[in-house]
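Me: Could you walk me through this model with me asking and you answering? I would like the cut-offs spelled out as we go.

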Amino acid sequence: MMNGDPPTMGDPGEHYPKLAEWERQFAEQLAAKEAQEQKSLEEKKAAAERDLDLFYDELTDKKAQKQAQNREHEELLRSQYSTETLENPFERVLQLIGQSSGSVPQEMQIMHSLLVRLKQQAPKRPEDE
C-alpha cells in the first residue's frame with residue numbers, strides 16, 4: 001500500500017455471497033430477456049417479409065390486369081378508328097376529344113374551340129406562298 005494504489009477489496013462475491021447470487025440471477029434474467037427479444041425481432045422480420053411478398057404479388061397481379069385492360073381498350077379504339085378514318089385531320093381530332101359527347105369538361109370545350117378556330121384560320125405554309 002505504500003506505492004499509492006487504492007486498497008482493493010477483492011471479489012465482492014467473497015464478502016457478499018447474496019450479492020454474487022443476485023448478480024448471477026440478474027445476468028440469467030437479462031440473457032433470457034435478450035433471447036426473447038431476439039426471437040420476437042426475428043418473428044417480426046419474417047412476418048414483414050411475408051407481408052411485403054404478398055403486397056408485391058398483389059401489385060404485380062393488379063399491374064398485369066391493368067395492362068390487359070389497357071390492351072383491350074386500345075384494340076377497341078383501334079378497331080373503331082380504323083373503320084372511321086377521316087380524311088380531314090381536324091375532324092378526327094375533334095372526334096377524339098369528344099365533340100359528340102354531351103358532358104364535355106370545360107378544358108375540352110376550350111380545346112375544341114381552339115381547334116375549330118385553327119381549322120378556320122389555318123396558317124399558311126411558306127411553300128404555299
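Me: Which element of the protein has the highest mean pLDDT?

Reply: pLDDT is the predictor's confidence in each residue, from 0 to 100. Over the protein its mean is 80, and 65% of the residues reach 70 or more. Where pLDDT is low, the predicted coordinates should not be read in detail. Among the elements, helix 1 (residues 12-15) has the lowest mean, 66, while the highest, 93, belongs to helix 2.

Me: What pattern does the protein follow along the sequence?

Reply: Helices (H or I, at least four residues) and strands (E, at least two) are DSSP runs, numbered from the N terminus. The protein has four helices and zero strands. Read along the sequence, that gives the pattern α-α-α-α.

Me: What percentage of the residues in the protein is buried?

Reply: Buried means under 20% relative accessible area, exposed means over 50%, and partly exposed lies in between (1.4 Å probe, protein chains only). Accessible areas come from the Shrake-Rupley method with a 1.4 Å probe, and for residues only the protein chains shown count as cover. The protein exposes about 12000 Å², with carbon and sulfur atoms supplying 55% of it. Of its 129 residues, the buried share is 5%.

Me: How far apart are the closest N and O atoms of R24 and E28?

Reply: R24 also bridges to E21, with 2.3 Å between the closest N and O atoms, and that pair sits three residues apart in helix 2. R24 and E28 are both in helix 2 too, four residues apart, about one turn of the helix. R24 counts as partly exposed because its relative accessibility is 40%, and E28 does so because its value is 45%. The closest N and O atoms of R24 and E28 are apart by 2.5 Å.

Me: What accessible area do Y16, L19, W22, F26 and L30 have together?

Reply: Patches are made of residues with over 30% relative accessible area and no salt bridge; like charges are joined within 9 Å, nonpolar side chains (Val, Leu, Ile, Met, Phe, Trp, Tyr) within 5 Å. F26 lies in helix 2 (residues 17-83) and is partly exposed because its relative accessibility is 41%. With Y16, L19, W22 and L30, F26 forms a nonpolar surface patch whose accessible area is about 510 Å².

Me: Is D53 buried or partly exposed?

Reply: D53 lies in helix 2. Since its relative accessibility is 49%, D53 counts as partly exposed.

How values were computed. Residues numbered from 1 in each chain as written. Heavy atoms only, no water. Salt bridge = Lys/Arg side-chain N within 4 Å of Asp/Glu carboxyl O.
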